[in-house]
2 protein chains.
Amino acid sequence: MPIQAYVAHQAGATLERWEYEPKALSPYDIEIDISHCGICHSDLHMIDNDWGTSQYPLVPGHEIIGTVVALGEQVTHLQVGQRVGVGWQRSACLNCDVCASGYEQLCPNSSAVIVGHYGGFAERIRTDSRFAFAIPDALSSENAAPLLCAGVTVYSPLSRLGHSAQRVGVVGIGGLGHLAVQFAAKMGMEVTAFSSTPAKADEARQLGASNVINSRDDAALKAARYSLDMLLVTVHVSLNWRRYLQMLRPNGILCFVGAVSEPMQLSIGALIDKQYNITGSSIGNRATMRQMLDFAARHGVTAWTETLPMDDVNTALARLRRNDVRYRFVLEA
Amino acid sequence: MPIQAYVAHQAGATLERWEYEPKALSPYDIEIDISHCGICHSDLHMIDNDWGTSQYPLVPGHEIIGTVVALGEQVTHLQVGQRVGVGWQRSACLNCDVCASGYEQLCPNSSAVIVGHYGGFAERIRTDSRFAFAIPDALSSENAAPLLCAGVTVYSPLSRLGHSAQRVGVVGIGGLGHLAVQFAAKMGMEVTAFSSTPAKADEARQLGASNVINSRDDAALKAARYSLDMLLVTVHVSLNWRRYLQMLRPNGILCFVGAVSEPMQLSIGALIDKQYNITGSSIGNRATMRQMLDFAARHGVTAWTETLPMDDVNTALARLRRNDVRYRFVLEA
């Protein structure tokens, strides 16, 4: 039976109703009846072909929640009727050294849900069951959907590189940042939120930040010199990275999760003198995804969402382009 | 009794014989009768005031080996007559959080042997006993002297960030690099040496490298794509860092120990996609220094040195400026 979906036929296009005939169910695939799908900034990047990897017709959507309606013959860990979620990653070889080391999100042969495959702005999807995750009962579907991409993207570096006693700065309070503040605070870290939007200060505190710094206030950035152990950068724009590095204490970590396109100018002397670590983090592996969902359920970490019917996808995309959302759109079937 | 030393009276000056009256021995100080002192590139940087921190008259020398001849009243762990070594670091507060975390080399109040103090191109030195290290009997003084700065500088990141199964690239086969190849090979790593001097290929293999790549051969660099877990950069000049990053596998580490003055242009997208780590390393703490000396003694890691009488210090410095040494000058009293 064909699948109804919303599609971009070319770069930057408005989405249109469309239908496609799904491929036969492979042994490890499942079919999911989609109830919710979050909208991530990378959906916009893919619609616009910002990364040169888009293939049209393109069905965006990779923060998918729904119910399993069919199982491939090798699928034993999921059942028909079960609520599951799917994020950015569609599959990986699960056999190379990278996968075997627990970094399947970095597998050279990994695939993404919306690159060369049709994504979650649709009524159903067929995808690799090994990258579909049971959703804990404590999480509502609309608040859990954004955890599948935004959530794991910030949880992974916080849990992998951080520890509870750390003073962590979250740069940018948006779809990713508002989850990062919650996770870091619940992990026991002292959180400083950086935002250029003064109106977000109270919200950041409500999310768990102890301190809020206006990222346009250079004097405030200077005053925070030598105060943080880690900075998690969730923005997509270039900032005064030198100033941010100065906020780190020795051995401090500057970790990027937002795709900043401009290169960073890095002083090698500063790296040596303070043993700074500059790194990036890419979504998370499957164990981290499950741990993140469990952590979110136990601690009540949820995305702040605005839910719209899937038919209003173009309204949501237009508003997301203006950053007019607190903090994540979720489309509902 | 005054101390005879070799001094630069101004930036870039030829060293001259000179004498100074040492300060009274502080409670934790010792006086050392110097038998050997290695010459490090940073002695040249300090003579030339390249880092803006030089104070003249300046006595260089911070790879010091000699015999303890006097003890401050609080010194209990060393004895008169004992052979000890002193490296770059003179002291630290040993009380702040950074020190208390075992990173005293990053202490904001640390001091260096040749910054505001008179160094090891001299017959004697008074310095903090807590940063003087017993030299294992198995190490000769002339081969051990360079371990105190060059040795610990490369041993520290290899032991802290590496593990025995890794494929490590050592970029630059000189004073630091020729020790890094030895340490990494003896730690069980597979070592690829990068040098722009083809004549060093055989020597690099003799030091323990399994592979040698001419760093000027771009096709060879390209062919090594995706082959290494860690790159330890010991050179002082800017290279095609993008090409070097491409040699790293996911989660790979690019670690700088040489003071490259030009900033690095870093693609943030590449950091995220491969979870690369860019970092620097600064000498090593005291535990690492002791571990390094013990490791060197057990495994026969020694600096390849050319020994000259201390009176020939200007000859040695002039030849070091031309990189005319394999691989380290050591001055002998």
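Two strands count as paired if DSSP finds at least two bridges between them. Keep that in mind as you explore this predicted model.

**Stop 1: two strands across the chains.** Select residues 264–266 in chain A and in chain B. Strand E15 of chain A and E15(B) pair in the antiparallel sense, over three bridges. To see one of these bridges, pick Leu266(A): its bridge partner in E15(B) is Met264(B).

**Stop 2: the whole interface.** Now show both chains together. Here 36 residues of chain B are in contact with 36 residues of chain A. About 2,800 Å² of area is buried between the two chains, and carbon and sulfur atoms give 55% of that. Highlight Ile268(B), Ile272(B) and Gln275(B): they supply 23% of the area that chain B buries against chain A, more than any other three residues.

What holds polar atoms face to face here? The rule finds 12 residue pairs in polar contact across the interface of chain B and chain A, but zero salt bridges.

**Stop 3: the elements on chain B's side.** Colour helix H2 (97–100), strand E14 (248–256), strand E15 (264–266), helix H9 (268–274) and strand E16 (277–280) of chain B, which each give two or more residues to the side touching chain A. H9(B) gives the most, with six residues. By type, the residues of this side divide into 19 nonpolar, 11 polar and six charged.

**Stop 4: a serine in a helix.** Finally, select Ser156(B), found in helix H4 (residues 150–161) of chain B. Is Ser156(B) buried or exposed? Its relative accessibility is 3%, so Ser156(B) counts as buried, the cut-off being under 20%. Leaving aside residues up to four places away in sequence, Ser156(B) touches Ser281(B), Ile283(B), Gly284(B) and Thr288(B).

How values were computed: Residues numbered from 1 in each chain as written. Chains lettered and ligands numbered in written order. Predicted model: local features only at pLDDT ≥ 70, side-chain atom pairs only at ≥ 80, totals over all residues. Heavy atoms only, no water. Helix = DSSP H or I, 4+ residues; strand = E, 2+ residues; numbered from the N terminus. Buried < 20%, exposed > 50% of the residue type's maximum accessible area, 1.4 Å probe, protein only. Contact = heavy atoms within 4.5 Å. Buried area = accessible area lost by both parts, 1.4 Å probe. Salt bridge = Lys/Arg side-chain N within 4 Å of Asp/Glu carboxyl O. Polar contact = N/O pair within 3.5 Å; in protein donor to acceptor, adjacent residues only side chain to side chain. Nonpolar A, V, L, I, M, F, W, Y, C, P; charged D, E, K, R; others polar.
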